[in-house]
Structures are given as C-alpha cells and as structure tokens.
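Reader: I'd like to learn how to read side-chain packing in a model like this one. Could you walk me through it, starting with the aromatic rings?

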Amino acid sequence: MPALPNWLSNSHNADHITEVLRTLRGRERTRSAARAASRHQVSSSKRHKIAQIASSATTNSAHVSHYSIASGADPDNARFNRYADIHPYDRTRVVVCPGEPSHDCSSGCADGRYLNANWVRELAGGKWWIATQAPLPQTAHAFLSVFLEGISPPPDSPLANIRSINRVRTVVQLSQNSEGGMRKAHVYFPPLEGQSWIIEPEEGRADPPIQVTLKHSRTVEDAHCVVSVVALQELSPSERTPQGEPVVFQHLLYASWPDHGGPAREDREGLLRFARLVDEANRDLSLYEGVADLDLNPPIVVNCSAGVGRTGAFIARCSLLRHYRLLSPIGVQAALP
C-alpha cells in the first residue's frame, strides 16, 4: 500500500494543525489590512473615510495593490454585492464584456460590467474556476451574460493566459436558495421544464433582456444533486423576440452542504460523486452539436452564497482529487471510468 502523502498524514498531527492555523491567521491579518487600505484609497468624495490602520501593509503600496478591492468597495457597486464585507480582488476579478458575444476581450475590458466574482486556479490540479457570490435580482443579468458574452480579467491582469477561453457552460451551486429562513441565492431560471422567464438588465443599462428557459431537469440521488439544462437567448429590446441561436449551460445544485458547516459523514461519499459528476458534465459536448471550436474543459462557475467558504473548499477538494487522478487531469477528454 503506498505511503500517505505528507499533507494527509499531518492532518491528524495536532502540532502541525496548530502551526498551520497560526500561519493562516497571520496571512489573513495581512490581507485584511491591505484590503482595508485599498478601501481607504477609494475616492473620499464617494465614501466616508475609515480609520487609518496601523500596519506595515498600509504603507506598502505594492502589497496594497496586490490585494486591492477598490472596484468592489466603490459605492457605485455596493448594490451588486450580496455581503457588504466581501469584495473581489481587482487583479483577478471577472469582467463581463459589453456588447455582442463577438466582442473582442483579448485586451481586457476596461469598460466591462462589474460582477462579484474572481478567477481562481487550482493549486494542485491546475484547473481554472470562476468563484462568485450567488446572484442577486440586480446581478442576475450580468451573471447570465457570463455565458452569453465574453468574459475577461481586468486590463494588466497577470491572468493573460485565460483571456481567450471559450464559452463557460457549467454552474455549480453549493448553497440552497433559502437556508435557515434566509434568502441565500436568487433564483434566475424557472422551475418547470419548458417554462421561460425574462431577465432584465440592471437599472441604467441598455443591454438586451435575456430569455431564460429550463430545458429539462433531473435528480441524481447518489450525488445529492439536481442537474438542470438551461437555455439563454437575447431578446430584441423593441419586439422582444429571440435573437440568434440559444446558448445552453448545465446547472448542478448540491443539496447536502449546510451553511457554516460541512457535509455529514454519511454524505461525504455523495460529495465525491458530485465532484466527479461536475467534472463529467463540464466535459460533456452532447448538448452542443454543431457548435464549433468548443473548449474541451472550460472554466466552471461555482458559488455558494458569499462565494467564499463552501466555494473555496470545493475548489480545494477538486484540486486534490485532480492531482491524485481521481478527476480527469487538465487536457484529458476521456470519460471517467
């Protein structure tokens, strides 16, 4: 039997865990100070000044720039944030490109739409994800535009190698729409097969409305999830008629991960099956016959409510599974056994 990897052996070492937690707390204090400093640098004409934070991070302009959240902290974007204290990092945030699907995002989109979402790359597995908060009523149109239009990192981002990706086609939702009597995610497609909704752009934008149709839905019991196939079409603003061919994506809703907690012991095998199902769905080209130049393994959109806890844990889990070949590695199209 092969030896356990060090990270797994150390997961039961109390001294090691104590040291890891101490290190992580220190790193988060540094990041938190840098984020606060970037908020402080947002124009004082738009927001109240915050107290100066006594930290070396506040005087290190390169460090503050690295962790800047100025775009999300801009009061003009406040209504697009589900939580007032959770903003995307500027250098890795997702920019929704304006205009038609053919809009050229190759040089970044300085004039793109704000979305509380970040590009995240698996540390061990290497795959790209889009980690985002659950949509709000006023962000549903921008969220759906990720599938219809171009998306890009901001200009001068270090993520140049993902600027020419093909269309994203998979969404993973790890929170329920309501949990503990609180709304955690806005519902942006209808519950009945064949039913359509119309999603209007946020106030102040002239983008075409989007027609959202649930094509079909199925429950996968052993993976504790519901898989839905959703079709999108832009509508003519005047005649309200569909324009162009529908764009299809798959939505996978996991049902057994409570907020501020983890899956129960008896649900852990189902979570592994769910991770495999997500990987397989993202590689499935059967819904896209006749569509040219499809990416065999495009980035996956993943959200819980805030887009931080369950979202980050799921990406980390998939990273390890991919590293140990329990998910298909990057660049391999073959189905899992």
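Reader: How many aromatic pairs does a search of the whole structure find?

Author: Keep in mind that this is a predicted model. The search turns up 10 aromatic pairs. One of them joins Phe 147 and Phe 249, with 4.4 Å centre to centre and 15 degrees between the planes. Planes under 30 degrees apart count as stacked, and this pair is stacked.

Reader: Where in the chain do Phe 147 and Phe 249 sit?

Author: Phe 147 belongs to helix H5 and Phe 249 to strand E11, so the pair links distant parts of the chain, 102 residues apart. Both Phe 147 and Phe 249 are buried.

Reader: Why is the pair of Phe 274 and Phe 314 called tilted?

Author: Look at the angle: the planes stand at 55 degrees, with the ring centres 5.7 Å apart, so the pair counts as tilted. Here too distant parts of the chain are linked: Phe 274 is in helix H6 (residues 268-283) and Phe 314 in helix H7 (residues 309-323), 40 residues apart. Phe 274 is buried, as is Phe 314.

Reader: Which residues form one aromatic cluster?

Author: That would be Phe 143, Phe 147, Tyr 188, Phe 189 and Phe 249. Rings can also face a charge, and for that you can turn to Arg 169: its charged end sits over the ring of Tyr 288, 5.5 Å from the ring centre.

Reader: Now the nonpolar core. Which members of the largest one touch the most other members?

Author: The general idea is that nonpolar side chains tend to be buried together in soluble globular proteins. In this model the largest nonpolar core has 28 residues, and Leu 144, Phe 147 and Leu 232 touch the most other members. Several elements supply at least two residues each, including strand E1 (93-96), strand E2 (113-121), helix H5 (140-148) and strand E10 (225-235). The largest share, 7 residues, comes from H5.

Reader: What is Leu 232 in contact with, leaving aside its neighbours within four places in sequence?

Author: Its partners include Leu 144, Phe 147 and Leu 148, along with Ile 210, Val 212, Val 247 and Phe 249. Gln 211 and Glu 245 are also among the contacts of Leu 232. Apart from this core lies another, of 25 residues, among them Val 172, Cys 225, Phe 274 and Ile 300.

Terms used: Residues numbered from 1 in each chain as written. Predicted model: local features only at pLDDT ≥ 70, side-chain atom pairs only at ≥ 80, totals over all residues. Heavy atoms only, no water. Core = buried A, V, L, I, M, F, W, Y, C linked by side-chain atoms within 4.5 Å. Buried < 20%, exposed > 50% of the residue type's maximum accessible area, 1.4 Å probe, protein only. Helix = DSSP H or I, 4+ residues; strand = E, 2+ residues; numbered from the N terminus. Contact = heavy atoms within 4.5 Å. Phe/Tyr/Trp six-rings, centres within 6.5 Å; stacked < 30°, edge-to-face > 60°. Lys NZ or Arg CZ within 6 Å of the ring centre and 35° of its normal.
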